[in-house]
Amino acid sequence: MAPSRLTAQAAGVNGKTALRFLLRAFGAAILVLVIWRVTTVGLAEGYPASFWISQALNGLVLGGVYALVALGYTLVYGILFMINFAHGEVMMIGGIAGFFALQFSQSRGWLEGPWPVVVVALLLIMLFGMAASVLIGITLERLAYRPLRQAPRLVPLISAIGASLFLQYSVLLIFGVSPHSYRKPALISGGMRMGDVFIPYTGAIIFITSILLMLALYFIIQRTKLGRAMRAVAEDRATASLMGVDVNAVIVITFMLGSALAGAAGVMLGFHNTVVKFNSGFVPGLKAFTAAVLGGIGNIPGAMFGALILGLIEAIGPSALGIPTEYKDVIAFTLLVLILIFRPTGLFGEVLSEKKA
Amino acid sequence: MTPVSANGAIRNGLIAFAFLGYLILIGIPGRLGGSALPVLALVAALFFWVKLRFDAPDTGGAGLPGGSAEGKPGWQIGAPGQSSGRGVGALFPGRGGTLVLRHGLLAGVTTGLLIAGMSLAFASAIGSGASIQPVLDKIVPVNVGALIGVSPGQIANDDVPLFRYPLQVLFFTVAGLFAALAAVAARARNLQTTSMARLSAYLDSLPFRTTARFAGIALPFLLLAYIVWLGIPGVSAFGSNEGTVRLLFTLIATGSGLFAIRLAHPGREQKIVALLLALGVLTMPFILDQFQNSVMGLVFIFVMMGLGLNIVVGYAGLLDLGYVAFFAIGAYTYAFLSAPFSSPYISNLLNLLGISPEIPLLGYWTALPVAMLTAAIGGILLGIPVLRLRGDYLAIVTLGFGEIIRLFMLNLGELTNGPRGILEISQPGLFGLPPQSFSSGLLSSQGWIFLVALVSSAVVAFVAIRLNDSRLGRAWFAMQEDEDVAEATGVHLVRTKLLAFAIGATFAGMAGQLYASRQINIFPENFSLFVSIDALALIIVGGIGSPAGIVLGALALKGLPEVLRGVDEYRIVTFAALLVIMMIVRPAGILPSARRRVQVSPTDEQGPTTAAEERENDASLPAQGPPARPEDARSEEPA
Amino acid sequence: MPKKLRIAALFAVTLLLLSACVAAPPAAETPSEEASMEEAPADMSGKVVIASGGTIRIGGSFALTGPIPDPGLNIRHGAEIAIDDLNGAGGLEGFMFELVAEDGACDGTQGTNVGNKFAADETIVAVTGGTCSGETFGLVPILQEARIPFVSPSATNPDITSPDCDVCNRVALSDALQGATDADFVMSDLGFTKVAVVHDNSDYGKGLAEIFQSNVTDMGGEVSSFEGVQVGDTDFRAMLARVGADGPQAVFFGGYSTEAGLIAQQMTETPGLEETAFMSVDGAYTQQYLEAAGDAAEGTYVSFVAGADSEEMNADFDAKYVEKYGVSPDDLGPFHSQSYDSVKLIAAAIMAVATVDDSGNLVIDREELISAIRSVDAFEGLTGTIKCDSIGECGAGGVQIFQVAEGAFDQVSGFGME
C-alpha cells in the first residue's frame with residue numbers, strides 16, 4: 001500500500017514528499033521523546049536487572065497468548081480479508097468449555113494421579129476446549145459470515161460485531177454472571193525460581209505451546225496440500241476454484257484452525273490467569289488484533305512477532321518510560337502508530353494490491 | 001431421493017432443536033410460564049415451514065446442502081444452485097406431497113424427542129438434587145417446569161407424570177406436520193410459480209401502486225396522530241408498558257416518514273410531504289413524555305454522530321473505529337467550559353487571565369464553536385499520522401486513538417477529574433433563559449434537548465448533503481474508489497483526507513457537546529469503544545452514505561434497545577442477533593444511498609456479479625426485503 | 001394526481017393541527033412537577049394516587065449488563081426479596097408493592113435513560129438504585145427534577161449525596177469512611193509504614209484508593225506506588241513486578257472482587273511480593289474473591305461496611321434467598337442486604353406518609369415522602385439500625401476488617417468488635 005512508484009512519478013509528487021516528510025518528522029519527534037524519557041527517567045529509577053528480566057518474561061507470556069489469538073485473526077484475514085471481530089469470544093468459549101472439562105476431570109480425580117495421567121488429562125481438557133471453539137467457529141462462519149462473502153467489506157465486520165456481542169451475552173445468560181475459576185492441578189501450579197526471577201509453569205507452557213503451534217501452522221500452510229489450497233484461495237478465490245480447489249471447504253478449515261488455536265489459548269489462559277467469564281475474550285481479542293496488524297495482517301510470522309513485541313512493550317514500556325502502568329495500552333497503540341508510519345503494512349506485511357487492503 | 005430427504009429432515013429437526021435448546025438454556029420458557037410449550041412448538045413449526053418452503057427442493061437437487069459455492073463457479077461449470085428451485089417446485093405436486101409430509105413428521109419427531117430427552121435429563125437431575133444451577137444458570141425448576149408443563153414444585157420433588165414427555169414429543173410432531181401441510185398446501189395451489197407472478201403483476205398495477213403510495217405517505221401522519229392520542233390521560237395502549245409502546249410508535253413514525261418522502265414524487269409533492277413531516281417531527285418534543293423525549297434526544301445525537309462518521313467512512317472511505325474520540329473531545333470541552341469542576345491547570349490559566357474560574361465560562365451556544373474547533377483540531381491531529389494507512393490498518397490505528405483519548409481522560413485526573421467525571425454541566429438555554437421558562441411548561445428539559453438535537457442534526461444533515469454534492473464530495477468519492485487514480489486526476493490527497501477527518505470530527509464534537517449537556521454528568525466510561533461501534537453500526541445498518549439511512553439506523557440502534565427494555569436481560573442478545581440477521585438480509589442497509597445503489601460493490605475484489613450484489617443493486621425496494629435465498633432462510637433462524 | 005395530493009395534504013395538515021391541540025393538555029400537566037421544587041404543591045400533581053387494587057410501584061435501577069453484572073443481579077435479588085417480604089406481610093392497607101426493575105448497565109447514559117423512564121411514569125413512587133456511582137450520577141439530576149426520591153444500596157461515591165440534592169439517599173456508607181478506616185488499620189494495627197496502592201480505574205475503586213492514599217500520607221506513612229489497572233484485566237504480573245520493585249509492606253487494592261482475587265493470587269508469583277500483605281475493600285467481600293484468589297486468599301484482609309446486624313434477620317434472609325434463587329447471596333457479590341434495606345426503608349417512609357382518601361385511593365405526597373426518608377430514625381434493617389441524616393446518608397454501622405482464614409472471612413477488627 002505504499003504508493004506505487006508509477007503513480008508517484010505520474011502526479012502529485014510535491015504532495016507525496018511533503019506528506020512523507022511530515023510523517024517522518026512526526027515519527028522522529030516521538031522517537032526522540034521516547035529515548036529522552038527512557039534515559040532520563042526510566043533508567044534513572046535504577047531497577048535491578050532481575051526486574052527487567054522478569055518483566056520481559058511476563059511480556060513474552062502475554063505475547064504468547066496474544067500470538068495464539070492473533071494467528072486466528074491473521075489466518076482468517078489472509079483468506080477472507082475480513083476481520084473476525086468475534087474471534088476473542090471464540091477464545092473465551094474455549095476457556096469456558098475447558099473449565100467444565102476441568103471440573104469433570106477433578107470430580108473423577110484424574111488430576112491427583114501420577115504425572116502421566118495428569119498430563120493426559122490436561123491435554124484432554126485442552127482438546128475439549130479446542131473442540132468447543134472449533135464448533136463455535138464453524139457455526140459462526142456458516143451463519144454469520146458465509147452469506148456475506150460477496151458483500152462490501154464493512155458488512156461482515158458489523159455482522160462479526162453482532163456475533164461477538166451475541167456470544168458474550170449468550171454465555172452470560174447460559175452460564176451465569178459469576179466468573180469461573182480454574183483450579184490449577186499441583187503439577188502446573190507454582191513455577192521455577194532463578195534468583196530473583198520467577199517463571200510460572202503455566203507461563204512457560206503458554207510460551208512454548210504458542211511457538212510450537214505457530215511452527216505447526218507455518219508447516220501446514222507452507223508444506224502441505226491443504227496449505228497450498230489455502231494460499232491459492234487467499235491469492236484469488238475465483239481462480240482457485242477453477243483450479244479444482246473447494247473454496248468453501250478451505251474457508252471452513254481455515255476457521256477450524258484459527259478457532260482451535262483460540263480454544264487452546266482460552267484454556268491455557270484459563271490456567272494461567274485462573275478466571276474465565278463472559279467478557280474475558282474481548283480485551284485479549286482486541287490486543288491480538290492489534291498484534292496481527294502490527295506484524296502485518298495476513299502474515300503468520302508477522303502475527304507471532306507482532307504479538308510478542310506487543311506483549312513485551314506492554315510489560316516493559318511503562319517502567320522504561322517511568323509512567324504509570326495504566327498507560328500500557330497508550331504505549332502499545334502509540335507503538336503501533338509509529339511502526340505503521342514507517343511501515344504502513346506492518347512489520348512483515350507484504351505490499352498487497354490495493355483492492356485487498 | 002428419499003434417503004437424502006430423510007437425512008435432511010433429521011438435520012432440520014436437529015437445527016430446530018439447537019435453536020430451541022438455546023432458548024431453553026437462556027431461560028425463555030421460565031419467562032413464558034404456562035404457554036411455554038405451545039410457543040416453542042409454534043417457533044419450531046415456523047422454522048420447519050420456512051425450511052420446507054425454501055429448502056426442500058434443494059434436497060433433491062444439489063446433493064450436499066449448501067454445497068454450491070455461493071454462485072462462484074465451483075466444481076461444475078455453469079450456474080449452480082439457481083436452477084433447482086423452480087424446476088423441482090414444478091415437479092412437486094406429482095408425488096412430492098407425501099414426501100413433504102414425511103419430511104415434516106420426521107423433523108418434528110426428531111425435535112420433539114430431543115427436547116423431551118433434554119427436559120427429562122434436567123428434571124431428573126433437579127429432582128435428584130444434583131446441582132445443575134451453578135453450571136447452567138437458567139436451568140432452575142421454574143424454567144424446566146414451564147418447559148414440561150408442570151409446576152416448579154413438581155420438578156423439585158421429582159414427581160413429574162411420565163406422560164408429559166410423550167406429550168412434548170406430540171407437540172413438536174404436530175408442529176412439524178402442520179408446517180409440512182402448510183407448505184404442501186401452498187405448493188398445491190401453485191403459489192410458488194404462478195401466483196407469485198400474479199402477485200407481482202398486481203403489485204405493479206397502477207391503482208395498487210397509487211394506493212400503496214398514498215398509504216405509505218399517510219402512515220407517518222396516522223402514527224403521529226396515534227401517538228398524540230396515546231398522550232391523552234386515561235388512554236392506554238397495551239397494558240402497563242405504555243411509555244415503551246408509545247416510544248415504539250414514535251420511532252416507527254419517524255422512520256416511516258423517511259420512506260414517505262421517498263415515496264412522494266420528486267418536486268413539489270416531495271417538498272410538501274417533507275415540510276409537513278418536518279413540522280410533525282418538530283411538534284414531537286412538545287407531545288412526548290420525558291422518557292420518550294430523552295430517548296429521541298439520544299437518537300438524534302447519534303444521528304449527528306452518524307452523519308459525521310458517514311463523511312469519513314461513507315464519503316471518503318476511511319474506516320474509522322475511534323470516532324468516539326471526537327465525541328469525547330466535544331463533550332469534555334463543553335464540560336470544561338460550563339461545569340463548576342475546573343482542573344488546577346485551567347484554573348491557574350484563568351487566574352492568569354484575570355477571570356474567576358468559579359462561574360461557567362461560556363454558555364451552550366457560545367461554547368459550540370469552541371467545541372467544534374477543538375474536535376476539528378483533534379481530527380487533524382489524528383489524520384496526520386494515518387494519512388498513508390488504508391483499510392484495516394487505518395481501522396486499528398483509529399481504534400487505538402479512541403482508546404488513547406479515553407485512557408487519558410481516565411488517568412489525567414488533574415485535568416479531567418479521572419473516573420469521577422465532570423458533574424453539573426449546564427443546559428443549553430435560549431437567549432440566556434432555561435427552556436422551561438419560555439415554553440410555559442410545554443417543553444420539558446429533555447424535550448428541549450430533543451428539539452436542539454433535532455435542529456442541530458437538520459443543520460448537520462444539510463451541510464453533509466451539500467458537501468457530498470460539492471467538489472470536495474466528488475473528490476472524497478474519487479478517493480474512496482481509488483486513491484492513486486484520484487491523485488493522478490488532480491485530487492490533493494492530504495488536504496482531502498484531512499478535511500474529511502476534520503469535518504467528521506466537527507460534527508462529532510457538536511454531538512458530544514449536546515450529549516454532555518443531556519447527561520449533565522459525564523464520565524470517561526461514557527466514551528468507550530462501544531460508542532464508536534454503535535456509530536459505525538448505525539450508518540451501516542441504515543445504509544452507508546445515505547443521510548436518511550443514518551436516521552433510520554439511529555432509530556433502530558439507539559431507539560429499539562430502549563423499546564426492548566421490557567425484556568431487560570435479553571436486550572443485548574436480541575439486539576446482537578438482529579444486527580447479524582439484518583446484515584445478512586439487507587447488506588446494503590435499510591435505506592441505501594442513491595450513489596451506492598448505482599455502483600457495484602466498490603471495495604470488493606473483482607468477482608462475478610452474484611446474488612448478493614444483485615440484491616444490493618435492487619435494494620431500492622423500500623419496504624420488504626428481496627426474496628431470501630436458501631442460505632438466508634437457513635441462517636436467519638438459529639442466529 | 002396533484003389534486004388528490006392536495007386533498008391528502010390538507011387532510012394531513014388538519015390532522016396535525018388537531019393533534020397539536022389535543023396534545024397540549026397532557027403535556028402541560030406533567031411538567032408542573034418541576035415547578036413544585038419551589039412552592040409546595042396544593043393540587044394533586046405533587047402526589048401519587050393509586051386507585052384501589054393498584055400497586056405501589058418502586059423503580060429499581062440495577063446494573064444487569066455492562067462491566068459488572070454480578071453485583072447488579074445480586075442487588076436486584078435483594079430488592080425482590082424485600083418486595084416479597086413486604087407483600088407477604090400484607091403490603092400497605094391492602095396495596096401491594098411492585099418492583100419495576102430496569103437495567104442501568106453501570107453506565108451514566110443508561111442511568112439517564114432509566115431515570116427519564118421513571119420520571120415519565122407518574123406511578124413510580126420512589127427508586128432503589130443505582131448500582132454503580134456513574135449510573136447513579138445519571139439518575140440524580142433527573143430524579144431531582146421529577147421529585148422522585150431514591151435510595152442507592154451501593155453507590156459509594158462521596159459526591160452522590162450533597163446538600164443540594166434532597167432526593168438523594170443511600171444506605172451504602174460513603175467511601176470516605178471506609179478508606180480512612182482501612183488506612184488506620186494498615187498503619188496502626190498492622191504497623192506498616194510503606195504501602196502500595198492499586199486501583200481499578202472505576203470511580204469506585206479509584207475513589208477509595210485516593211482516600212486511602214491521602215489518609216496514609218496524612219498519618220505519616222509512605223505510599224511507594226500508586227498504580228491503576230482496568231476492570232476486566234486478568235494479567236497483573238507486569239504491574240505487580242513494578243510494585244514489588246519498590247518493596248512495599250502491604251498492597252492495597254480498590255476495586256471489585258475478580259480483579260482483587262487475581263491480584264492476590266498473582267502477588268504470590270511476583271518477586272518481592274510473595275509475603276507482602278494484601279488488603280482490599282468491600283467490593284471484594286465475596287465468595288468470588290476467595291475463588292479467584294484460591295490459596296493465595298489466606299491471610300489477606302478485606303474491609304466491609306456492615307452494621308450491628310441481627311443474626312436472626314440475616315439467616316432468615318439468606319434462607320429466603322437460597323430458596324428463591326438457588327444460590328447463596330454471597331456467591332454473587334456484596335450489597336444484597338443493603339438493597340433489601342433500601343427497599344424496606346423506602347417502604348417504611350411510604351407507610352409513614354401514605355393516606356387513604358375517601359374513595360379508597362392511596363395518596364402519597366412526593367414532598368412528604370422525600371422528607372420522610374430523611375427523617376427515618378431507628379429503622380431495623382439487615383445492615384443494622386438505620387438512621388438517615390440531613391443529606392441522605394442512611395448507612396448503618398461501620399467498617400469491619402476481615403482476614404481470610406481457612407477459606408472464610410474472619411473478622412479481626414473494626415465495627416462490632418469493641
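The C-alpha centres of domain 1 of chain C and domain 2 of chain C are 32 Å apart. The model is predicted. Domain 1 of chain C takes in residues 45-172 and 335-387, and domain 2 of chain C takes in 176-307 and 400-414. Where the two touch, 12 residues of domain 1 of chain C are in contact with 10 residues of domain 2 of chain C. On the domain 1 side of this contact in chain C, helix 5 (133-146) and strand 15 (384-386) each supply at least two residues. By class, that side has 5 nonpolar and 7 polar residues, with no charged ones.

Next comes a sheet of chain C. Its 7 strands form an open sheet in the order 8-7-9-10-11-16-17, with mixed pairing. Strand 8 and strand 17 (408-414) of chain C are at the edges; each has a single partner strand, so one side of each is left without a neighbour in the sheet. On average, neighbouring strands of this sheet are turned by 25 degrees against each other, direction ignored. Strands of a sheet pair through backbone hydrogen bonds, in either a parallel or an antiparallel sense. Strand 10 (residues 277-280) and strand 11 (residues 301-306) of chain C pair in the parallel sense, over 2 bridges. C:M279 has C:Y301, in strand 11 of chain C, as its bridge partner.

Helix 8 of chain C lies across strand 7, strand 8 and strand 9 of chain C, and runs at about 170 degrees to strand 8 of chain C. In helix 8 (residues 237-245) of chain C, 9 of the 9 residues are buried, so the helix is largely enclosed by the rest of the structure. The buried residues include C:R237 and C:R242, along with C:M239, C:L240 and C:V243. What covers them comes from two chains: chain A contributes helix 3 (49-80) and helix 12 (300-321). From chain C, the cover includes strand 7 (194-199), strand 8 (222-228), strand 9 (250-254) and helix 9 (257-267). Just after helix 8 of chain C, C:G247 has a positive phi of about 60 degrees.

C:V216 is in helix 7 (residues 203-218) of chain C. C:V216 counts as buried because 26 C-beta neighbours lie inside 10 Å, where the cut-off is 20 or more. Leaving out residues up to four places away in sequence, C:V216 touches C:A183, C:M187, C:V195, C:G221 and C:V223. The C-alpha atom of C:V216 is separated by 39 Å from that of C:Y321, which is 105 residues away along the chain.

Chain A, which supplies two of the helices covering helix 8 of chain C, can be described as a whole. Its secondary structure comes to 13 helices and 4 strands. Along the principal axes, the C-alpha trace of chain A spans about 70 × 60 × 40 Å. Of the 357 residues of chain A, 58% count as buried. Among chain A contacts between residues at least 6 apart in sequence, 78% join residues at least 24 apart.

Notes: Residues numbered from 1 in each chain as written. Chains lettered and ligands numbered in written order. Predicted model: local features only at pLDDT ≥ 70, side-chain atom pairs only at ≥ 80, totals over all residues. Buried ≥ 20, exposed ≤ 12 C-beta atoms within 10 Å, placed from the backbone. Contact = placed C-beta atoms within 7 Å. Pairing = 2+ DSSP bridges. Axes fitted to C-alpha atoms, helices over the stretch in contact; angles between N-to-C directions. Domains from an automatic or database assignment. Nonpolar A, V, L, I, M, F, W, Y, C, P; charged D, E, K, R; others polar.
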